[in-house]
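Colleague: Hello! Could you show me how to read a structure like this one?
Modeller: Gladly, let us take a look together.

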Amino acid sequence: MPPARKKEPDPTNPEMEIAAPNLTPHEGTGRITDWTEQDFVDRFGAPRTIRGSKMPWESFRNLTEDDLRAIYRYLRQVPAVAYETGPNVRAVGWKAPGSAP
Ligand code: HEM
């Protein structure tokens, strides 16, 4: 199941940024690698969890279940990419530990 979120950013705070997750099926750095197809469909019926996120959750609620299943199956087929996107909400300039400066 998708993990519950606890923190919300303050979209008016210029010291914070919001980053999109890695959606490739990579074990370790992919956000949805462990999600079932039903988890994915259900997430789009659930509310926005991060205030100020650029992800258009409200419009995407209009995607049909067939659309969402097709998108999920597509995302399962893209090559897994090892890329740590880090916390969705973090200080501007955040870098993954060990990444190039
Ligand atoms: C069909 C297109 C898209 C799909 C399938 C998709 C899927 C997802 C998923 C599954 C998550 C993780 C949610 C969670 O952990 O609960 C996510 C998060 C996010 N997405 Fe998207 N996304 C799409 C388009 C976009 C677009 C157009 C933007 C920005 C312009 C965006 C920005 C973000 C951001 C910033 C997050 C992290 C914050 C959050 O969870 O709201 N995404 N997306």
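**Reading the model**

Modeller: Buried residues account for 4% of the 101 residues in the protein chain. A residue is buried if 20 or more other C-beta atoms (placed from the backbone) lie within 10 Å of its own, exposed if 12 or fewer, and partly exposed in between. This is a predicted model, where local features need pLDDT of at least 70, side-chain atom pairs count only at pLDDT 80 or more, and totals for chains, interfaces and linings use all residues. Residues are numbered from 1 along each chain as its sequence is written.

Colleague: What does the protein chain average in pLDDT?
Modeller: pLDDT is the predictor's confidence in each residue, from 0 to 100. Here the average is 90, and 90% of the residues score at least 70.

Colleague: How many helices and strands does the protein chain have?
Modeller: Helices (H or I, at least four residues) and strands (E, at least two) are DSSP runs, numbered from the N terminus. This chain has three helices and two strands, in the order β-α-α-α-β along the sequence.

Colleague: Why does E17 count as partly exposed?
Modeller: Because E17 has 17 C-beta neighbours inside 10 Å. E17 lies in strand β1 (residues 16-18).

Colleague: Which residues does E17 touch, leaving out those up to four places away in sequence?
Modeller: Two residues are in contact if their C-beta atoms, placed from the backbone, lie within 7 Å. E17 touches R90 and V92.
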